[in-house]
Amino acid sequence: MSEAVTLKIELPKIPDIELVAIEGLERLSRHLDIAEDKVGEARLLVTEAIINGFEHGGTKNPTVIVEFTMTTKELIIFVRDHGKGFDPSIIEEPDVRKKIHAKDKRGWGIKVMKSMSDDFRIESNSGGTKITIKKLLK
Ligand SMILES: Nc1ncnc2c1ncn2[C@@H]1O[C@H](COP(=O)(O)OP(=O)(O)OP(=O)(O)O)[C@@H](O)[C@H]1O
Ligand SMILES: [Mg+2]
């Protein structure tokens, strides 16, 4: 097995900055010759996690730190913000039958991330939120 490659980036809050992280992810994937379908899913995971960090994260220190650790077998995505945090246990699971009539159609990010990952963890407190996602690449 090839050695793990790690990339760590601190993103400032400016429009479309998640694309910088995606570019990094794609470079690592090319280097390790990862299948395109896995890269596509990883791209979605990374985008949702970063956007949550900026949207629901802090205004005091609105930066998001992203870290990828990739081998040919798996990818660990770590995303942290410095927001006020939240209690994931009280977030209601979205239900498509209810959402279709609801005014607020959002609230899918966490569900999508859970369904696409092989392990999904949230650690959150008043100092911010850390998301750790494992994605198998084979
Ligand atoms: N990093 C975070 N910091 C604080 N709260 C968060 C964070 N990530 C998620 N949340 C909370 O969890 C809720 C659900 O997140 P989720 O990504 O599923 O939906 P959303 O961001 O509201 O909408 P969507 O992702 O569908 O555009 C958010 O509305 C927010 O209250
Ligand atoms: Mg979201």
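Predicted model: local features only at pLDDT ≥ 70, side-chain atom pairs only at ≥ 80, totals over all residues.
Local features here need pLDDT of at least 70 and side-chain atom pairs count only at pLDDT 80 or more, while totals for chains, interfaces and linings use all residues. Residues are numbered from 1 along each chain as its sequence is written, and chains are lettered from A and ligands numbered from 1 in the order in which they are written.

**View 1. The shell around ligand 1.** Ligand 1 has 16 residues around it, and H56, F86, R106, G109 and I110 come nearest (a residue is near if its C-beta atom, placed from the backbone, lies within 6 Å of the molecule). Two or more shell residues come from each of α2 (36-55) and α4 (109-116), with α2 giving the most, 3 residues. Helices (H or I, at least four residues) and strands (E, at least two) are DSSP runs, numbered from the N terminus. By type, the shell splits into 4 nonpolar, 9 polar and 3 charged residues. Nonpolar means Ala, Val, Leu, Ile, Met, Phe, Trp, Tyr, Cys and Pro; charged means Asp, Glu, Lys and Arg; the others, Gly among them, are polar.

**View 2. D16, in the loop between β1 (5-11) and α1 (18-31).** Look at the backbone here: D16 isn't a glycine, yet its phi is positive, about 65 degrees. Most residues other than glycine have a negative phi. D16 counts as exposed because it has 7 C-beta neighbours inside 10 Å (exposed is 12 or fewer other C-beta atoms within 10 Å, buried 20 or more, partly exposed in between, with C-beta atoms placed from the backbone).

**View 3. D33, in the loop between α1 and α2.** D33 is another non-glycine residue with a positive phi, near 60 degrees. With 9 other C-beta atoms within 10 Å, D33 is exposed.
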